[in-house]
Amino acid sequence: MKRKWEVIIGIVGLVLCLFFLGGFSLTITSMDEGTYEKTVFPILQKGISKDHISESLEAIKALASWFGLTVLVVLILVLLATTIIWKNKYPRLAAPLYTLAGFATLFGTQMIAFPLAFLFFLSGILCAFRKIN
């Protein structure tokens, strides 16, 4: 495997996305209102009154759903790019896939996970511009 750094950086980004975004998504979507009121709501209650707990939970669950969808899209794109680049085949085709995974991470998390997206952008840039002898 000649494109070791591109693959390693892409897989590290994928694992971090699965851990952070997938973990948040799984935790929040399986949470009921009572648990939310006891654990998460006290942290977020600064601008929200006690009367709006269910609306706050729905907003957080919507965000968690977007994170889950983002994880799915990133998983597909990174695995496809890694498969394409394996054994140094078609690095110019893998570069846009890694870059799309970065944009999916950025927009799917509303710019929250920009450090994770940076890893995908770095992998895409290395695929596009790094020459292997």
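Biologist: Which residues of H1 are buried?

Modeller: This is a predicted model. H1 covers residues 4-29. Its buried residues are Glu6, Val7, Ile9, Gly10, Gly13, Leu14, Cys17, Leu21, Gly22, Ser25 and Ile28.

Biologist: What covers the buried residues of H1?

Modeller: The buried set includes Val7, Leu14 and Leu21. What covers these buried residues includes helix H4 (53-85), helix H5 (91-108) and helix H6 (114-129).

Biologist: Where does H1 bend?

Modeller: H1 has 26 residues, and 38 Å would be expected at 1.5 Å a residue. From first C-alpha to last, H1 reaches 36 Å, close to that value. There is still a bend of about 30°. The bend is at Gly22.

Biologist: Leaving aside neighbours within four places in sequence, which residues is Tyr98 in contact with?

Modeller: Tyr98 is among the residues with the most contacts inside the largest core. Sequence neighbours within four places are left aside here. The contacts of Tyr98 are then Glu6, Val7, Gly10, Val78, Ala81, Thr82, Ile85, Phe120, Ser123, Gly124 and Cys127.

Biologist: How many residues are in the other core, which lies apart from the largest one?

Modeller: Ile28, Phe41, Ile60 and Ala64 are among its members. Ile28 is also one of the buried residues of H1. The count for this other core is nine residues.

Biologist: How many disulfides does the structure hold?

Modeller: Seen from Cys127, the closest cysteine sulfur is that of Cys17, too far for a bond. The number of disulfides is zero.

Biologist: What is the radius of gyration of the protein chain?

Modeller: The chain has six helices and zero strands. For 133 residues the globule rule gives 14 Å, and the chain is well over that, so it is more spread out than a compact globule. Its C-alpha trace spans about 65 × 20 × 15 Å along the principal axes. The radius of gyration is 18 Å.

How values were computed: Residues are numbered from 1 along each chain as its sequence is written. This is a predicted model: local features need pLDDT of at least 70, side-chain atom pairs count only at pLDDT 80 or more; totals for chains, interfaces and linings use all residues. Side-chain values use heavy atoms; hydrogens and water are left out. Helices (H or I, at least four residues) and strands (E, at least two) are DSSP runs, numbered from the N terminus. The expected span of a helix is 1.5 Å times one less than its number of residues. The bend at a residue is the angle between axes fitted to the seven residues ending there and the seven starting there. Buried means under 20% relative accessible area, exposed over 50%, partly exposed in between (1.4 Å probe, protein chains only). Contact means heavy atoms within 4.5 Å. A nonpolar core is a set of buried Ala, Val, Leu, Ile, Met, Phe, Trp, Tyr and Cys residues joined through side-chain atoms within 4.5 Å. A disulfide is a pair of cysteine sulfur atoms within 2.5 Å. The radius of gyration is taken over C-alpha atoms; the globule rule is 2.2 Å times the number of residues to the power 0.38.
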